[in-house]
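Please take a moment with the sequence and the model shown here. The report that follows walks through selected helices, strands, loops and the ligand surroundings in turn.

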Amino acid sequence: MSDAFPPNASRAPDRIELDTAAVKSGGACASKDTMLDAARTAGKSEILDQYAADYPVDPKAGPHDQPQSMCPAFGSLRVGLRMRRTATVLSGSACCVYGLTFTSHFYGARRTVGYVPFSSETLVTGKLFEDIKEAVEGLADPENYDAIIVTNLCVPTASGVPLRLLGKAINGVRIIGIDVPGFGIPTHAEAKDVLAGAMLNYAREEVAAGPVAAPRERSDLPTVTLLGEMFPADPVVIGQMLAPLGLAAGPVVPTREWRELYAALDCAVVAAIHPFYTASIREFEAAGRPIIGSAPVGADGTAAWLQAIGDTLGLPQDKVDAVKNTMIAACRGALEKMPIKGRITVSGYEGSELLVARLLVESGAEVPYVGTATPRTKWSDPDREWLEARGVKIQFRASLEQDIAAVDEYRPDLAIGTTPVVQHAKSRAIPSLYFTNLISARPLMGPAGAGSLATVINAAMGNKERFDTMRDFFEGVGTEHAAGVWETLPVDRPKFRKKYAALNDAARKASEAVGS
Ligand code: SF4
């Protein structure tokens, strides 16, 4: 797929551009390559090749043509922190761990994050691995834990710290060692899959080896495992839709408890609600489970999803038709009651952007653009095809510049996006909503999802006048370096910024050379 939008030349990227010749030669942006080379030399080629296959990026993309994700380890960290009886240990630079723990607790993690610090000496002598082993052995109490997740961040991954040597279990506690480097995994969404896939792999091997603990809750009906995080009411709504078909909603993966992994593997079919869980899907396929894409969103999406379930499981068509007809009527009724009128651009990094766009289109909105930081996969094809047939431009692996260019191009009535996209839209008096907090945190599925977005969307679009008032009020106070009220307007000094950026970069490379 070609880019829906080239990066917007009129907008200065939020990274300081260095000398272009150096960029082209890889000099100024060599950090990622340096780390990759170091990791390969240190024996991590196999896992890096797997990540490159699972989480592809455009090989022709330049150093700045990529999603601007937060630290990917945040994704896997959150997945581990949400699990009961699971301990989490990070190994990485103190600044990375500070940021990751801060963000985790900001988002309400209720568990301690373990940390094994390192110094140049412990890194180069191999003592770091011994320190990690000691920490894990001290923590591995089966009274308290089912599993311990040990995560190598960038520097330990680049240095080849061999977590696999920790073994599969210590004192009967499962040990899951994962490498989650920013230079190998493009987004935090995909890092969730790294951990979910690793746990499913472990659980699958346990099932193959003999009897395992029964899940806490288990339906007698064949189940549909739901892949991807969703609003807590969504699995309930999906369960209600499946009941007349003689099916039940199974666990949501990533799971909240180790035993749920067995139940997830023991399903009739897996619904890849979020389409980027490539490693997890590999485990389900290895367990012989069929996979379907998309999700029951809106009337069309719900009907197509129920049909895909029926086709995959060979259910009688009259039964499937009866459920479809009921759900189509319920969804249409809800959508008609809560219409959305206006032009909306959508961008985000959760993996559910296409589903949200479908719901908006069915609600009556004009959606000219959807950008997602996640890659295109065959599991997103049904949503991509449905949206493209309605004239929506879709940008996979969207960069911030592409998302912002879309806002500037389409001048929407509402921009749904990541924080910097929302900030950009607001600076142009365009109402906007943060995808993660305000859109992901609502039901999307079936009749309950139809119409649920309308309240927040229509309220936000109704604020246009307030944005105009604010823009007019602040008119003339300057922007960027000249923002504020000045007796003498500050002079911009781009050459200074460039010079200090180059000095900073040289210092960073010198410190990296020590680490590698
Ligand atoms: S250096 Fe690596 S581990 Fe640290 S914050 Fe950046 S991406 Fe995350």
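Helix H12 covers residues 298–313, and its 16 residues reach 22 Å from the first C-alpha to the last, close to the 22 Å expected at 1.5 Å a residue, where the expected span is 1.5 Å times one less than the number of residues in the helix. Helices (H or I, at least four residues) and strands (E, at least two) are DSSP runs, numbered from the N terminus. The buried residues in H12 are Gly298, Ala299, Gly301, Thr302, Ala304, Trp305, Leu306, Ala308 and Ile309; a residue counts as buried if 20 or more other C-beta atoms lie within 10 Å of its own, as exposed if 12 or fewer do, and as partly exposed in between, with C-beta atoms placed from the backbone. An α-helix has 3.6 residues a turn, so residues three or four places apart point the same way. Just after H12, Gly314 takes a positive phi of about 65°.

This is a predicted model, in which local features need pLDDT of at least 70 and side-chain atom pairs count only at pLDDT 80 or more, while totals for chains, interfaces and linings use all residues. Residues are numbered from 1 along each chain as its sequence is written.

Helix H14, residues 353–362, is mostly covered, with 10 of its 10 residues buried, and among them are Glu353, Arg358 and Glu362. H14 is followed by Gly364, whose phi is positive, near 110°.

Strand S7, residues 248–253, is also mostly covered, since 5 of its 6 residues are buried. Strand S6, residues 223–227, runs parallel to S7 and is joined to it by 4 bridges, where two strands pair if DSSP finds at least two bridges between them. Within this pair, Val224 stands opposite Ala249 in S7. From S6 the chain crosses through helix H9, residues 233–242, to S7 in a right-handed β-α-β crossover, meaning that, with the strands pointing away from the viewer, the path from the first strand over the helix to the second runs clockwise.

The loop between S7 and helix H10 (258–265) holds Pro254, and the peptide bond from Val253 to Pro254 is cis, with omega near 5°. Most residues other than glycine have a negative phi, and most peptide bonds are trans. Two residues other than glycine with a positive phi are set out below.

Asn171 is partly exposed because 13 other C-beta atoms lie within 10 Å, whereas Arg397 counts as buried because it has 23 C-beta neighbours inside 10 Å.

Which residues surround the ligand? They are Cys71, Ala73, Gly92, Ser93, Cys96, Gly99, Leu153, Cys154 and Gly182, a residue being near a molecule if its C-beta atom, placed from the backbone, lies within 6 Å of it. This shell divides into 5 nonpolar, 4 polar and no charged residues, where Ala, Val, Leu, Ile, Met, Phe, Trp, Tyr, Cys and Pro count as nonpolar, Asp, Glu, Lys and Arg as charged, and the others, Gly among them, as polar.

Val207 has its place in helix H8, residues 188–209, and is partly exposed, with 14 other C-beta atoms within 10 Å.
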